Amino acid sequence: MRYVNGLECRECGQAYPAEPIHVCEMCFGPLEVAYDYDAIGNAISRETIARGPHSLWRYKPLLPIEGDRIVDSQAGCTPLVRAHNLGRALGLRNLFVKNDTVNPTFSFKDRPVSIASTKAVEFGFDTLACASTGNLAGSVAAHAAKAGLRACIFIPADLEPSKVVAAQAYGPTIVAVDGNYDDVNRVCSEIADRHRWAFVNINLRPYYSEGSKTLAYEVAEQLGWRAPDHVVVPIASGSLFTKVWKGFRELAKLGLVAGVTTRMTGAQALGCSPVVTAFDAQTLTVEPVKPKTIAKSLAIGNPADGYYSLRIMKESGGVACAVDDGEVVEGIKLLARTEGIFAETAGGVVVGVLKKLAASGQIDPDELVVAYVTGNGLKTQEALAGALIEPIYARPSLRAIEEALALEAPAAASVA
Ligand SMILES: Cc1ncc(COP(=O)(O)O)c(C=O)c1O
Ligand SMILES: [Zn+2]
């Protein structure tokens with residue numbers, strides 16, 4: 001059964017076959033996958049999805065896969081946590097955290113890369129490549145290893161050491177470029193024009209980005225097939241943000257949820273907040289910035305989907321909000337100490353924004369809110385340097401430990 005009609009220009013609507021292309025030849029607009037929703041509607045229901053695998057592949061008819069072979073890292077189906085403790089701390093009575101830190105390579109990037117690597121195999125590529133702000137590197141390297149593809153990964157040279165190791169482990173070629181992500185992305189676009197490689201977020205971007213829709217499907221299914229009232233989503237390029245929205249809308253179109261009135265709110269770090277700046281100025285034109293923030297995974301100064309994200313905020317009644325690096329660190333600690341979830345800096349951005357919007361009344365205390373926490377704290381440990389309670393060092397004796405912890409010996413202590 002074919003569910004994909006082809007690709008379509010988001011600007012002028014020009015149709016293209018489903019090939020490894022990403023830009024409209026007529027107007028240079030971005031291409032997007034177009035589906036046959038009637039065929040999909042005949043193929044899926046809440047019941048067929050429930051019977052599917054415990055991974056994002058349970059939504060396969062809604063993903064742009066045409067062959068039988070999938071590159072399966074079993075990404076997805078991550079916990080949706082009822083965040084009572086964090087909610088109490090923020091004055092939100094109906095708060096959930098989508099904990100996407102527990103994917104196979106510890107970020108939501110395993111979702112888009114599952115699709116992109118599967119398409120790379122379908123299209124007959126032998127090299128899987130990417131321009132990464134950190135998490136994509138590890139995910140591409142892992143999926144290439146699983147699929148038997150060569151991996152070539154481009155990163156800014158100043159990435160967090162744990163993110164580099166978390167990619168190196170899978171044996172890819174890594175090119176650390178002397179520049180920021182926007183420089184890396186530009187040079188990768190030039191490479192993609194000259195060499196037949198599957199750049200997951202360049203020539204395979206229309207397919208890659210569809211994988212992020214599963215973050216909407218899962219949340220709706222986990223809520224008993226309803227869309228949340230309000231979501232907070234981190235924004236780097238804005239791809240995740242636009243695809244969460246597309247995912248909810250598709251579910252409504254297919255009758256899998258009753259309707260969608262979800263307010264879409266975007267979260268950025270103040271040191272790289274071009275979308276927030278545009279939102280505050282009430283314009284859809286995003287002015288590129290030079291990033292300077294500890295939230296390196298979100299450090300894209302010229303976000304490809306910034307304009308589309310702003311349109312969605314406007315249409316859905318959401319907002320854009322930024323927090324500074326100190327608030328990012330506080331956000332990481334607050335989430336860890338209330339819910340036992342250790343997020344990376346992007347998660348700190350989301351929790352910081354949630355806190356700010358709850359305090360200012362821009363999130364209603366009774367709204368059903370979902371905060372998307374998309375990456376794991378073990379990869380950005382340096383962000384917490386000097387911000388945590390130090391261990392108490394002690395010699396291995398009962399006395400030394402009682403002294404160190406200022407414990408009184410129990411009064412009635414006796415040996416039986
Ligand atoms: C942990 C994490 N969250 C969110 C994002 C935002 O992704 P997007 O570029 O789709 O906006 C990224 C991007 O790399 C990321 O690594
Ligand atoms: Zn076009």
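User: What is the bridge partner of V81 in β5?
Analyst: V97 is the partner of V81 there. Keep in mind that this is a predicted model.

User: What makes β4 and β5 a pair of strands?
Analyst: Two strands pair if there are at least two bridges between them. β4 (residues 80–82) and β5 have 3 bridges, in the antiparallel sense, so they meet that cut-off.

User: And how do you know that β5 pairs with β13?
Analyst: By the bridge count again: β5 and β13 (residues 369–373) share 5 bridges, in the parallel sense. At least two are needed, so that's a pair. One spot to look at is F96, which stands opposite V370 in β13.

User: Why is β5 called mostly covered?
Analyst: 5 of the 5 residues in β5 (residues 95–99) are buried.

User: Why does L90 count as buried?
Analyst: L90 has 23 C-beta neighbours inside 10 Å. The label takes 20 or more, so L90 counts as buried. L90 sits in helix α3 (residues 84–90).

User: Which residues is L90 in contact with, leaving aside neighbours within four places in sequence?
Analyst: L354, K355 and A358. L90 and P365 are also worth a look: they're 275 residues apart in sequence, but their C-alpha atoms are 8.8 Å apart in space.

User: Which residues have the most contacts inside the largest nonpolar core?
Analyst: V140, I153 and V350, in a core of 124 residues. Helix α14 (residues 345–359) supplies the largest share of this core, 8 residues. V140 touches V113, L128, C130, A151, I153 and V200, not counting residues up to four places away in sequence. In soluble globular proteins, nonpolar side chains tend to be buried together.

User: Last one: which residues come nearest to ligand 1?
Analyst: Of the 19 residues around ligand 1, those are A236, S237, S239, S297 and G375. Two elements give two or more residues to this shell, α5 (135–147) and α10 (239–253), and α10 gives the most, with 3.

User: How does the shell around ligand 1 divide into nonpolar, polar and charged?
Analyst: There are 8 nonpolar residues, 10 polar and 1 charged.

Key
Residues are numbered from 1 along each chain as its sequence is written. Chains are lettered from A and ligands numbered from 1 in the order in which they are written. This is a predicted model: local features need pLDDT of at least 70, side-chain atom pairs count only at pLDDT 80 or more; totals for chains, interfaces and linings use all residues. A residue is near a molecule or strand if its C-beta atom, placed from the backbone, lies within 6 Å of it. Helices (H or I, at least four residues) and strands (E, at least two) are DSSP runs, numbered from the N terminus. Ala, Val, Leu, Ile, Met, Phe, Trp, Tyr, Cys and Pro count as nonpolar, Asp, Glu, Lys and Arg as charged, and the others, Gly among them, as polar. A nonpolar core is a set of buried Ala, Val, Leu, Ile, Met, Phe, Trp, Tyr and Cys residues joined through C-beta atoms within 7 Å. A residue is buried if 20 or more other C-beta atoms lie within 10 Å of its own, exposed if 12 or fewer, and partly exposed in between; C-beta atoms are placed from the backbone. Two residues are in contact if their C-beta atoms, placed from the backbone, lie within 7 Å.
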